[in-house]
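These are my notebook entries on a two-chain model. I record what I looked up, entry by entry.

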Amino acid sequence: MGELAVEKHVKFILTIEKEKDSFESVVMEHIRLNGAYWALTTLDILGKLNTVDQDEVISWMMQCQHESGGFGGNIGHDPHLLYTLSAIQVLALFDKIDALDIDKVSNYIAGLQNNDGSFSGDMWGEIDTRFSCVAILSLALLKRLDKINVEKAVNYIVSCKNLDGGFGCTPGAESHAGQIFCCVAALAVTGSLHHVDKDLLGWWLCERQVKSGGLNGRPEKLPDVCYSWWVLSSLIMIDRVHWIDKEKLIKFILDCQDKENGGISDRPEDAVDVFHTYFGVAGLSLLEYPGLKAIDPAYALPVDVVNRIFFGR
Amino acid sequence: MDVLQKSSERIPLSQRPEYADVKPVPQNDGPNSIVPISYTDEFRETMDYFRAIYVADERSLRALQLTTEAIKLNPGNYTVWQFRRLVLEALNADMNKELDFVDGIVEGNSKNYQIWHHRRWVAENLGTDASTRELEFTKKILSKDAKHYHAWSHRQWVLQALGGWKDELTYCELLLKDDIFNNSAWNQRYFVVTRSPLLGGLGAMRGSEVTCTVNAIMEHPENESPWRYLRGLYRNDTHALVKDPQVASVCLKILTAKNNYVHALSMLLDLLCHGFQPSLEIRNAVYGLSDSGAQGSDLVKVVCSILELVDPMRANYWKWRRNIVPAQAAQCLKDDGLTGLSL
């Protein structure tokens, strides 16, 4: 089978091209913090995090933080849970979580929990199980889960469980692999996986594998490399990953590479981007592809980074 | 006047008298940035002016116009959307016109969370009067992409918050007629059957729903969704699933036809593990699918062996089922004995 073009992907990430008229570049501006997380985590998995100037990254990132304690997607952008998690994750990569006023950030996050246990993404009130996940992962990494009502948070997530064993964005919404990852990760981190019907969900998840070996996110949809993360990490968290054909999935991910210019795309022959590059490499790590650092399926950070946080040096 | 009609016709902000007193604020990206971004001049200028208005917290008509232009350049920019909401509130703007604005933006941008969240905020402001329009709006999106996750999410919110359930089941049926494989439509069907205040709930609806589902299965036995829907109709009531003759009958028909029978076998497996006693016809239909002519053998083992062969990607799953079903079946018999139920 093909090989992972590590050097090309590292180069791709370090020199993402400056194309003036690229719509891609323009739309990334406000989510640059997410972009930083995807890029840096990929580099760490490939063993190349040291090629980046961590002081510059951190100094830029801290300017994205607001008085409220939350982080915006870039300097001058309003705070939101999504970018707050990315900031915490990036600091974790650099072992610099202590650069934060942890209580301040935790209070910002905890303040976004609603009465029914759900979380809003920001003060404007959008509710989605993505935000439950992000809030719980953030607070767990900061060791401040006690600031929220965990029981209610769990109950809300469970209320989003569907007849197929999967989870949607809100109660009644269609099961979707991305939302399933969010719910399963949140339940895993809060010690609540007993709420998951692992056999039923495991079956739904393994049915995501299509003929090409790739994974889709819902029945009768096309495969996409990002589901290599969401479906795979969910299977691992519920201990059912042996129900898919790992070899075929590895081949699918490797076929999504641009071996000339670096980067990975959503499916073979499509344009690459840093988002799919991250998910492809992270997926390969979960599949134990040789030469990659192991990644934690819940926190989506290298295992050594997570161990450092929870078990000290 | 729409200053963005054509990019060649756009008048730079620096040349527009109504913005003469605004001092644009350039972006601070930091030096040698990781994930550096490049911008067109148009984008740069618009965002520089937006930043000025935003920092000054000016909630005026020209501020609204600026957010319009910034959004058109980058509809994903959530900060601009949020500020727009503040401006709309301050101006006590016409929310129906705001729905018109979103209508204009959504084409080509429909997978954007910010647009949907903004739409919901506007609709919430309008209240139940917005129900019909919002159902029409999502219908239009779904007519181009019938599995659009945001559209379905918005539609579910509209039904629960603003009402309009009357024609929803019919709508699901229409979509399924278009594409019986549409998992989102099946999901919505379950949503309506279980939550609509106008129907009788799952108990009242189950009979007719099973009939529809079985018909869908017969059309395309390889369709994952109706099989799951069928299980969902009998959630928390597996005995009824096992006893429903329609379920056993559809399995038999598909197994006999020897075509696209993976899901049928899987359903049979589920029935067997809940104490189903298969007829001779079903047994023969299964043996007929097996190469090894395994007559008289444990039916569960034969079913799983066939599945391992015809669905090799999930061979480990079927192997696991083969090992676990006998224990489950024994447990079921034990439970039935305890409750006095017999099959």
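**Entry 1: the interface**

I began where the chains meet: B:Glu224 and A:Arg208 pair through their side chains in a salt bridge, with 2.6 Å from N to O. I take a salt bridge to be a side-chain nitrogen of Lys or Arg within 4 Å of a carboxyl oxygen of Asp or Glu. Between chain A and chain B I find two salt bridges.

I note that this is a predicted model, in which local features need pLDDT of at least 70 and side-chain atom pairs count only at pLDDT 80 or more, whereas totals for chains, interfaces and linings use all residues. Residues are numbered from 1 along each chain as its sequence is written, chains are lettered from A and ligands numbered from 1 in the order in which they are written, and side-chain values use heavy atoms, with hydrogens and water left out.

I then looked up the polar contacts between chain A and chain B and found 23 residue pairs, both residues at pLDDT 80 or more. A polar contact is a pair of N or O atoms within 3.5 Å; within protein, one must be able to donate a hydrogen and the other to accept it, and residues adjacent in sequence count only if both atoms are side-chain atoms.

Helices here are DSSP runs (H or I, at least four residues), numbered from the N terminus, while strands (E) need at least two.

A:Trp124, A:Leu163 and A:Trp203 supply 15% of the area that chain A buries against chain B, more than any other three residues. Buried area is the accessible area (1.4 Å probe) that two parts lose on being put together, summed over both.

**Entry 2: salt bridges within the chains**

In one of them A:Lys147 pairs with A:Asp103, the closest N and O atoms being 3.4 Å apart. A:Lys147 lies in the loop between helix H7 (129–141) and helix H8 (150–158) of chain A and A:Asp103 in helix H6 (residues 102–110), so the bridge ties together parts 44 residues apart in sequence. A:Lys147 is partly exposed at 31% relative accessible area, and A:Asp103 is partly exposed at 37%. Buried means under 20% relative accessible area, exposed over 50%, and partly exposed in between (1.4 Å probe, protein chains only).

In chain B, the side chains of B:Asp103 and B:Arg119 form a salt bridge at 2.8 Å, N to O. This pair links distant parts of the chain, with B:Asp103 in helix H4 (residues 95–106) and B:Arg119 in helix H5 (residues 113–126) of chain B, 16 residues apart. Salt bridges with shared partners join B:Asp100, B:Asp103, B:Arg119, B:Arg133 and B:Glu134 into one network.

I returned to H6 of chain A and listed its buried residues: A:Val105, A:Ser106, A:Tyr108, A:Ile109 and A:Ala110. Their cover includes helix H5 (81–93) and H7 of chain A.

A:Gln113 is in the loop between H6 and H7 of chain A and is buried, at 17% relative accessible area. The A:Gln113 side chain reaches the backbone oxygen of A:Gly117 at 3.3 Å. Beyond its neighbours within four places in sequence, A:Gln113 has contacts that include A:Phe119, A:Ile148 and A:Lys152.

How values were computed:
Contact = heavy atoms within 4.5 Å.
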